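Visitor: I have a structure to go through before setting up a calculation. Could we look at it together?

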Amino acid sequence: MISSAPRVSSSRFSLLIVCLLYVLFQVSFDFMLVEEFITILKNFPKKHIATMILGFMLLISVSILGSKDFSNEEKISELTKPLKLLTLTDNTQIKIPLLEKEKLIKRNDSLFTILKELGVLQEDIIKLVNSNNSNLLSKIEVGDKIKILISEKGELNQLFYQDNIREGIRADKKENGFIIKKYKSDIEKVKVFKHVVIEDSMYMSGLRENVPDSVLMDLAYINGWDIDFTHDIRPGDTYSIIYEEIIIDGEKVIDGDILISEFNNRGKQFIAVRFDLDANTSEYFNPNGENVKKAFLRSPVKLSYISSKYNLKRRHPVLHTIRAHKGVDYAANKGSPVRATGDGTILFAQYNGGCGNEIKIKHSEDYVTRYCHLDRFGTRAKVGRKVKQGQTIGYVGSTGLATGPHLHYEFHVNGKHTDPLKVKFPNASPVEEKQAIAYERKSQNLLNELNNYKYLIDRGEVYGG
Ligand SMILES: [Zn+2]
């Protein structure tokens, strides 16, 4: 008995905490509906949710401890007072906060096993299965997610089955069963503005300003026809972009597309505006409506460096005589893919003296490209066959007169050799006449928006990074 005295007081103390916490919860719950509570839960940083769950578990454990003490110490008369307190709080109908639990569906899982595992009462699982529309929940798929809101006793209150990030099926408890129906998440697109001053590379400087990786890749692609990101970038070059973030139910899910980009490279400005040509195709155009995409790629070999430029007075490395070099040499590993630099038709594909394995592509009446020293031909390299820009036509080698593996690339305009590094490439198709007005409006709006952001940055009123 003596030893039990301190336990009595500790149980009274824990009861007091229970009551206090109950009152606190009650007050907060009077101000918010359960649904609001759920949204708050969803929007809460994970750390906070963990803290809340911890707090809640503490609350449960405290109350369990408290009640255990009572059953063990029934003879102690003093205990009647706190018991009364408990009854009092019971009468005021406490709303117990619900726990959120979720599980990723694995092989051999069924709705029954999952709910059982999450601690749902068997009678509630049966009620759910017997509710109208329960067939909607019969086809659960591996990799999808089931999320539930459950009371501490295991009473199922709400269930969400996420089919994909945008939609799913929900079940809400109603009297003696559940209402099961499909739901769609709220999708919102938010515009994000970034302004980056390049210190080293376009990519690294962008990452430092928290521009997402995928957006930087898009930026390199959009401007890749005008700017060589390996050789042309200088410290102090800048770029400003507006891109989209896709938000589902208040949470950022995907980094979307660049809507407009402005790149300032060595004093030259390149602006690209995204424009939907139809429901499935979008392309980028400059403010004049010209496609930023060129009819030709800058380089026929991706991972390469220029080992010899166009030079009409070059000493030939094998023949050691002055012989014009009427093309550009790209040094690359043997077997590197060689790309068609523009859409066209294969005009020639066979071994041809000093050029070795040679391919010629006719792009239009005006343009022909020539590729030499190929190790082997690609499957598309058949005379008369059409090829698309970027498709592999052969592989780098050193056939013919060559000291090592490289691609000798020529660009002919109207039958004349031209320096492929200096020639101004024609643009890909511009905005069509019938869409000109729509494009004009769209590009003007985005340009204004971009300039407004830049103006605010200059005045220090918005954080641009
Ligand atoms: Zn060459």
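The conversation below takes up a metal site, a sheet and a helix in turn.

Guide: Please note at the outset that this is a predicted model.

Visitor: Understood. Which protein donors does the zinc ion have?

Guide: The donors are His325 through NE2, Asp329 through OD and His408 through ND1. They lie 2.0 to 2.2 Å from the zinc ion.

Visitor: And what spacing do the donors follow along the chain?

Guide: The spacing is H-x3-D-x78-H.

Visitor: Are histidine 325 and aspartate 329 buried or exposed?

Guide: Both residues are buried.

Visitor: Let us change topic to the sheet. In what order do β13, β17 and β19 come?

Guide: The order is β13-β19-β17, in an open sheet of three strands with antiparallel pairing. The edge strands, β13 (337-339) and β17 (376-377), each pair on one side only.

Visitor: How many bridges join β17 and β19?

Guide: Two bridges join β17 to β19, which spans residues 392-395. Within this sheet, phenylalanine 377 stands opposite glycine 394 of β19.

Visitor: Now helix α6, please. Which of its residues are buried?

Guide: Asp124, Ile125 and Leu128 are buried in α6, which covers residues 122-130.

Visitor: Why do the buried residues of α6 line one face of the helix?

Guide: Viewed down the axis of α6, they fall within an arc of 105 degrees, and therefore they line one face. In general, an α-helix has 3.6 residues a turn, so residues three or four places apart point the same way.

Visitor: What do those buried residues pack against?

Guide: The buried residues of α6 pack against helix α5 (111-117) and against the strands β3 (156-162), β4 (167-174) and β5 (177-184).

Methods: Residues numbered from 1 in each chain as written. Predicted model: local features only at pLDDT ≥ 70, side-chain atom pairs only at ≥ 80, totals over all residues. Heavy atoms only, no water. Donors = N, O, S within 2.8 Å, 3.2 Å for Na, K, Ca; no water. Buried < 20%, exposed > 50% of the residue type's maximum accessible area, 1.4 Å probe, protein only. Pairing = 2+ DSSP bridges. Helix = DSSP H or I, 4+ residues; strand = E, 2+ residues; numbered from the N terminus. Arc of directions from axis to C-beta. Contact = heavy atoms within 4.5 Å.
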